[in-house]
Amino acid sequence: MPTKTVFKTEIEYVSILDEHGQYDPKLGDGLVPDEDLIRLYEHMTACRHLDEVAFKLQRSGRMGTYPQNMGQEATSLGAAYALEKTDWMVPCYRENAGLFWRGMPMEMVLLHWMGDERGNAIPRELFCTPLAIPIGTQMLHAAGLAWAAKYRDEKRIACTFFGDGATSEGDFHEAMNFSANLDLPVVFLCQNNFWAISVPGRIQCSAPTLAQRGLAYGMDCIQCDGNDLFAVVKVVREAARRAREENRPTFIEAVTYRLGDHTTADDARRYRDQAEVDLWKARDPLIRLRGFMKEKGLWNDSKEAELQEKAEREVAEAVQRAEGIETPPSTDVFDHTFAELDPQLTLQRATRRTTSIGQSPDAAAPAPAVDGH
Ligand SMILES: Cc1ncc(C[n+]2csc(CCOP(=O)(O)OP(=O)(O)O)c2C)c(N)n1
Ligand SMILES: [Mg+2]
């Protein structure tokens, strides 16, 4: 019996504005109006400035671990721009630019990394889930949110963000399989920055692209230049349309690079070459967009100087708000954990002491004020 080909495919790569400033008007014109382009660039700049300040806050003991977004801003921002404001954004932890575009107050992100739970109490009308630190879990949340939206006929889709390393997690595959088989309106946006902390991409995936991982699930897959705002807007817009109109998920691999360390707890110099970093510095999405806007006459040095000042102010004010927030009552730990308090917990709540490790509640002198309930 002769053999025959039962499946054949190609993975497309979309680039509109490349690192050399080459622009494809056929693909790019009409995608983003000039006034939006300026606002998007402003968001990227604010996000970049926050990275610098957050790094210093961490180093001076005013904040916990922080993952810089530097170099990856165009991916989440382009996606947030292409989505409807009432679509779910289901982030990982390196999507500040997109979250700020959606309307997330900057101080909430700071509070999160300062270890204050109030940073996770995202206003409902923003349709964003909290930053997800356990790798991979949020893709399942996106599948669930999309399923609920489909069930309720809301025409709302979910877009979830994750890294290359996350595609090695079981949760990723379950979310992909479930979404494709149940025809859920989800956009899976993988930010391939080539590193999962110190683990290089080549030992996470033997295939030439991450995008093709979606093929096994019968999903549409595409790769794009994640440092090219236009390319991201184009592919996410099309994926969002397919999700909304056809209830079909898409897997997008946005190729990007983190220019900073994995987090402030990491020193990337220990595992990657400066030459690689330099290569990607030349592909910086901010430099690229600024060059394009200058060429178009939309931007100049004095506007840039003004913007830098504005970004500095904006970040300084957000830091002030985050650090100035009143200290939460220590009873919160009980009130947000238990529906009902048994006698032992009631005692603990009132005295902050426990007999279970040999403490005497009577020795708690004076008991901290128990406010309210
Ligand atoms: C379930 C789980 N395992 C391990 C970790 C520790 N960890 C934090 S970030 C990270 C690497 C993630 O790499 P990638 O998905 O590529 O994301 P990137 O930070 O590069 O965007 C790991 C292993 C975690 N947070 N959660
Ligand atoms: Mg990565």
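This is a predicted model: local features need pLDDT of at least 70, side-chain atom pairs count only at pLDDT 80 or more; totals for chains, interfaces and linings use all residues.
Local features are reported at pLDDT of at least 70 and side-chain atom pairs at pLDDT 80 or more, while totals for chains, interfaces and linings use all residues. Residues are numbered from 1 along each chain as its sequence is written, and chains are lettered from A and ligands numbered from 1 in the order in which they are written.

**Exercise 1. Compare the radius of gyration of the chain with that of a compact globule.**

The radius of gyration is taken over C-alpha atoms, and the globule rule is 2.2 Å times the number of residues to the power 0.38. For 373 residues the rule gives a value near 21 Å, and the chain, at 23 Å, agrees with it. The C-alpha trace spans about 80 × 65 × 45 Å along its principal axes. The chain has 13 helices and eight strands, where helices (H or I, at least four residues) and strands (E, at least two) are DSSP runs numbered from the N terminus.

**Exercise 2. Describe how helix 2 packs against helix 3 and helix 10.**

Begin with the axes, which are lines fitted to C-alpha atoms, for helices over the stretch in contact, with angles running from 0 to 180 degrees between N-to-C directions. The axes of helix 2 (residues 34-59) and helix 3 (residues 73-82) come within 10 Å and cross at roughly 140°, which means that helix 2 is oblique to helix 3; angles under 35 degrees count as roughly parallel, over 145 as roughly antiparallel, 65 to 115 as roughly perpendicular and the rest as oblique. Residues in contact have C-beta atoms, placed from the backbone, within 7 Å; here Leu40, His43, Met44, Cys47 and Arg48 of helix 2 meet Glu73, Leu77 and Tyr81 of helix 3.

Next, helix 2 and helix 10 (residues 285-295) pack at about 150° with axes 11 Å apart, so helix 2 is roughly antiparallel to helix 10. Helix 2 contributes Leu37, Ile38, Tyr41, Met44, Thr45 and Arg48 to this contact, and helix 10 contributes Pro285, Leu286, Leu289, Arg290 and Met293.

**Exercise 3. Which residues of helix 5 and helix 11 meet, and at what angle do the helices pack?**

Helix 5 (residues 106-113) and helix 11 (residues 301-324) pack at about 50°, with their axes 8 Å apart, and are therefore oblique to each other. Met106, Glu107, Leu110 and Leu111 in helix 5 meet Val315, Ala318, Val319, Arg321 and Ala322 in helix 11.

**Exercise 4. How many residues surround ligand 1, and which are the closest?**

Counting residues whose C-beta atom, placed from the backbone, lies within 6 Å, 15 residues surround ligand 1, the closest being Ile135, Gly163, Gly165, Ala166 and Ala196. Strand 3 (158-163) and strand 5 (195-196) are the elements that give two or more residues to this shell.

Note on methods. Two residues are in contact if their C-beta atoms, placed from the backbone, lie within 7 Å.
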